[in-house]
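The sequence and structure come first.

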Amino acid sequence: MASPRGMRGFFRSCCLLCAMLAVVLAAGCGKRIADVSEPFTTVSSDRNDFEYPVTLPEDDGIPLSGAEKAAFLSTGDFDTNLSPEQTREVLRYFKHYVHQERGTVRESVERARLYMPYIRHVLKERNLPGDLAYLPFVESNYRVLARSRSGALGMWQFMPSTATYYGMKRNAWMDERRDPYIATRAAATYFERLKEFFDEDWHLAISAYNAGEGKIQRGLDATGADSFFELRARDGAITDPKLKMTRENMQYLPRFLAVCKIMRNLDILGFEPLEAKPVPAMTTVALKPGTHLPSLARAAGMNWETFRQYNALFLRNYSPPGRYKAYVPLGSQDKSVAWLKKNKSSQYANWRAYKVQSRDTAYRIAKRHGITVAELQKINQLDSAGFRPGVSILVPPKKAAVKNSRPKSQIASAGKAGKQKGRTVRVADAQTHCVKPGDTIWSIAKQYNLSPKEVLAVNGMTVSTAHLRPGDVVRLN
């Protein structure tokens with residue numbers, strides 16, 4: 001007869017197989033996300049690369065003060081029943097942050113206070129341990145834009161496959177892994193699953209959040225271990241390199257336990273408590289597709305950086321097609337709604353996703369779709385070097401694309417009169433002009449009876465960026 005532990009391992013293996021199958025089915029049979037590259041590449045200014053330290057810090061030799069000792073000896077949901085050796089390891093991380101990395105702690109607390117009330121509310125609602133609220137410190141220092149080199153994204157650092165499994169959407173317009181509220185709810189659901197999967201052994205569950213439940217369970221099965229620290233101690237006996245824990249996996253739990261002791265005792269350790277500054281009450285407003293988000297931020301009395309901290313899921317300066325909401329301060333709701341009512345949706349609302357191909361350049365893509373390079377760069381918030389193969393960008397809808405590889409100015413209805421090769425054309429109808437050798441902004445403006453300033457403004461250019469090449473398409477109105 002199989003032992004209880006063997007049966008438990010068999011049951012978990014079956015659960016893991018079902019979970020993996022569910023991920024595959026969700027990706028293959030559900031509604032597919034079109035034209036999304038992996039890892040998803042966003043605006044260069046959004047890059048906030050984040051990596052875990054993989055070496056245990058040396059003990060600095062500085063004795064703990066009375067306050068530090070009291071904080072370290074405090075216990076919470078997870079830091080009890082540690083052996084002397086395990087306690088010393090946690091102590092080294094504790095001293096490292098309290099003595100050498102005080103700036104990191106301050107910055108993390110400053111960011112955490114924006115989201116902590118909501119995180120605690122969700123954990124309490126799900127009947128989950130409150131100290132889990134401190135895991136984003138280890139994951140991202142509470143950065144909603146944090147991206148690891150492995151492709152994990154957001155405050156809770158979800159990988160693409162895990163995000164899909166827990167219902168988070170991604171496309172060329174937005175990525176819900178960056179939404180602090182959606183990602184917090186997804187993380188809570190993941191914790192519920194890990195809690196059940198590991199029979200409420202939170203040391204294993206927390207380690208699995210980092211390494212993956214499959215890797216941790218296979219390690220337990222291979223070594224016969226029953227706990228995280230036992231698994232780590234027996235890791236050297238594992239011969240399969242895929243089952244071996246990385247240094248990051250090994251140190252993730254001790255580092256988190258040290259962070260819990262610090263975050264629970266910020267005041268006595270000389271840090272500003274999370275509750276020291278009031279957090280503005282936030283509410284949501286419904287967006288029209290193609291809403292210019294920086295303008296909405298100004299209408300709501302928010303600077304762009306603050307707006308993005310609450311609305312990080314948007315990858316562009318314009319809101320996506322469909323029904324989406326933005327977070328604004330409760331006191332500015334009426335002003336925000338009034339601004340949204342009088343402002344029309346942008347033309348960019350109908351732009352579609354396109355994956356950059358190997359021979360594509362910003363110039364070739366813009367030419368193919370009948371727009372200027374400046375406009376292509378504007379909506380995608382990328383410079384010319386950012387249009388790399390595999391990157392998902394936005395381009396005009398197919399019906400607006402110019403099929404002729406050398407587009408010509410179009411003539412239709414009424415407007416200002418100008419001259420072109422002996423013919424009279426009207427600027428309102430001459431939608432675009434295909435640049436020919438020798439053309440400049442000034443010569444094009446004169447040809448259509450416009451001022452150079454008007455042409456520059458329509459194309460999102462300045463005098464310093466108005467570099468034209470034959471084949472470029474210049475918008476005229």
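Cysteine 260 counts as buried, because its relative accessibility is 1%, under the 20% cut-off. Cysteine 434, at 10% relative accessibility, also counts as buried. The model is predicted, and a search of the whole structure finds zero disulfides in it.

**Nonpolar cores**

- The largest nonpolar core has 91 residues, and Trp156, Phe158 and Tyr209 are those with the most contacts inside it.
- Helix α7, residues 180-197, supplies the largest share of this core, with ten residues.
- In soluble globular proteins, nonpolar side chains tend to be buried together.
- Leaving aside residues up to four places away in sequence, tryptophan 156 touches Ile119, Leu132, Leu135, Pro136, Glu139, Ala183, Thr184, Ala187, Phe191 and Tyr209.

**Aromatic pairs and cluster**

- The structure holds 17 aromatic pairs.
- One of them joins phenylalanine 158 and tyrosine 209 in an edge-to-face arrangement, with 6.5 Å centre to centre and 70° between the planes.
- This pair links distant parts of the chain, 51 residues apart: phenylalanine 158 lies in the loop between β2 (146-147) and α6 (160-165), and tyrosine 209 lies in helix α8 (residues 202-211).
- Phenylalanine 158 and tyrosine 209 are both buried.
- Tyrosine 209 also pairs with tyrosine 190; that pair is tilted, with 5.4 Å centre to centre and 40° between the planes.
- Here too the pair links distant parts of the chain, since tyrosine 190 is in helix α7 and tyrosine 209 is in helix α8, 19 residues apart.
- Tyrosine 190 is buried because its relative accessible area is 7%, under the 20% cut-off.
- Tyrosine 209 has a relative accessible area of 8% and is therefore buried as well.
- One aromatic cluster is formed by Trp156, Phe158, Tyr165, Tyr166, Tyr190, Phe191 and Tyr209.

**Charges over rings**

- Arginine 102 places its charged end over the ring of phenylalanine 271, 4.1 Å from the ring centre.
- Lysine 261 has its charged end over the ring of phenylalanine 72, at 5.0 Å from the ring centre.

**Helix α9**

- Helix α9 spans residues 213-223 and is largely enclosed by the rest of the structure, because eight of its eleven residues are buried.
- The buried residues in α9 are Glu213, Gly214, Lys215, Ile216, Gln217, Gly219, Leu220 and Thr223.
- Glycine 224 follows α9 and has a positive phi, near 75°.

**Model confidence**

- The average pLDDT of the protein chain is 82, and 80% of the residues score at least 70.
- Residues 1-8 have a pLDDT below 50, and beyond near neighbours in sequence this stretch has eight contacts in the model.
- Over residues 400-429 the pLDDT stays under 50, and the model has 61 contacts for this stretch beyond four places in sequence.

Methods
Residues numbered from 1 in each chain as written. Heavy atoms only, no water. Core = buried A, V, L, I, M, F, W, Y, C linked by side-chain atoms within 4.5 Å. Buried < 20%, exposed > 50% of the residue type's maximum accessible area, 1.4 Å probe, protein only. Helix = DSSP H or I, 4+ residues; strand = E, 2+ residues; numbered from the N terminus. Contact = heavy atoms within 4.5 Å. Phe/Tyr/Trp six-rings, centres within 6.5 Å; stacked < 30°, edge-to-face > 60°. Lys NZ or Arg CZ within 6 Å of the ring centre and 35° of its normal. pLDDT = per-residue confidence, 0-100. Disulfide = S-S within 2.5 Å.
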